[in-house]
Amino acid sequence: MTDVCLIADYFYKDLIGGAELNDFSVIQRLEAAGISVKEMHCHNVTVEFLKKNKQMQYIVANFVLLPEKVKQFFISERLNYVIYEHDHKYLKRRNPIFYKDFIAPDSDLANVEFYKTAKAVVCLTQLAVDVFKANTGLENVAKIGASVWTDEDLDFISDLSNTTKNNKFAIVDSNNPIKKREKCIQFCEARDVPYDLISDRDHRRFLEKLSKYKGLAFMTGHLETCCRLVVEAKMMNCKVITQQRLIGAASEPWFELNGIELVESIREISKKSLDVFLGSFDG
């Protein structure tokens with residue numbers, strides 16, 4: 001099989017976010033399957049590189065920093081690429097929450113031709129698929145069914161699922177306005193729900209902290225295409241307080257599961273994710 005080039009604004013080595021963790025997990029699974037993966041930051045991709053590597057298979061993840069002329073070359077040359085859709089880049093504002101029924105007017109759409117000429121737009125959950133199709137009218141969509149984790153991370157989470165819980169809820173201590181820290185605090189205080197603010201720059205250490213709590217209070221100002229954190233909390237047997245209509249994970253049948261049962265369901269979905277990507281390419 002031809003090598004794969006995964007293009008993204010940032011990678012796990014740059015910052016720890018849901019999209020970057022997803023991309024990292026996909027890369028790990030591709031390489032474990034014997035497929036060579038070249039990582040390229042969007043700002044480093046040039047038309048000259050694409051001309052020399054037309055035979056390559058491309059996975060385009062977050063692409064805000066991808067030059068417009070590069071996108072146009074993908075389109076005009078019909079290169080063999082799939083888009084790994086994390087956060088609604090088919091909208092100028094990248095957030096369907098601003099629109100009634102999550103459907104934007106045509107004037108607020110973006111990158112539609114880039115999506116249209118992709119071999120597939122790979123979405124995480126049914127909610128992500130439904131909102132994408134409702135806005136773009138496109139049908140070249142594939143679904144993984146969840147975020148993607150490595151087996152090693154799932155083993156780590158599985159071990160944490162038996163951690164003894166305290167009687168408090170955890171709130172992510174983040175200044176990111178999308179994370180709605182203050183709204184979570186107000187929610188808990190209004191209902192006399194005991195809580196702590198938790199944070200850690202190391203993701204595994206953060207999960208270790210979270211696993212000790214009765215639950216997670218998580219509010220969002222964004223339509224989450226899955227919400228990796230919510231799923232991780234449930235896999236660790238933490239209860240979750242959240243706005244389910246904004247959480248892609250809640251649109252999947254496995255969302256009713258918790259603990260080891262959920263871990264194994266996500267493990268199976270993550271394994272099958274390679275079939276979704278590789279089956280979308282030509283040849």
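Predicted model: local features only at pLDDT ≥ 70, side-chain atom pairs only at ≥ 80, totals over all residues.
Is Val122 buried or exposed? Select Val122 and find out.

**Stop one: Val122**

Val122 has a relative accessible area of 0%. Buried means under 20%, so Val122 is buried. Show the secondary structure next. Val122 lies in strand β5, which spans residues 120-123.

Now select what touches Val122, skipping neighbours within four places in sequence. Val82, Ile83, Tyr84 and Glu85 are in contact with Val122.

Then pick the C-alpha atoms of Val122 and Val148. They are separated by 12 Å. Along the chain, these two residues are 26 residues apart.

**Stop two: strands β7 and β8**

Select residues 169-172 for β7 and residues 195-198 for β8. The two strands pair in the parallel sense, over 4 bridges. Start with Phe169: its bridge partner in β8 is Tyr195. Next, trace the chain from β7 to β8. The path goes through helix α7, residues 181-190. This β-α-β crossover is right-handed.

**Stop three: Gln57**

Select residues 57-60 to bring up strand β3. Gln57 sits in this strand. Is the residue buried or exposed? Gln57 has 6% relative accessibility, so it counts as buried.

What joins the side chains of Gln57 and Asn80? A polar contact does, at 3.4 Å.

Technical notes: Residues numbered from 1 in each chain as written. Heavy atoms only, no water. Buried < 20%, exposed > 50% of the residue type's maximum accessible area, 1.4 Å probe, protein only. Contact = heavy atoms within 4.5 Å. Pairing = 2+ DSSP bridges. Right-handed = clockwise from strand over helix to strand, strands pointing away. Polar contact = N/O pair within 3.5 Å; in protein donor to acceptor, adjacent residues only side chain to side chain.
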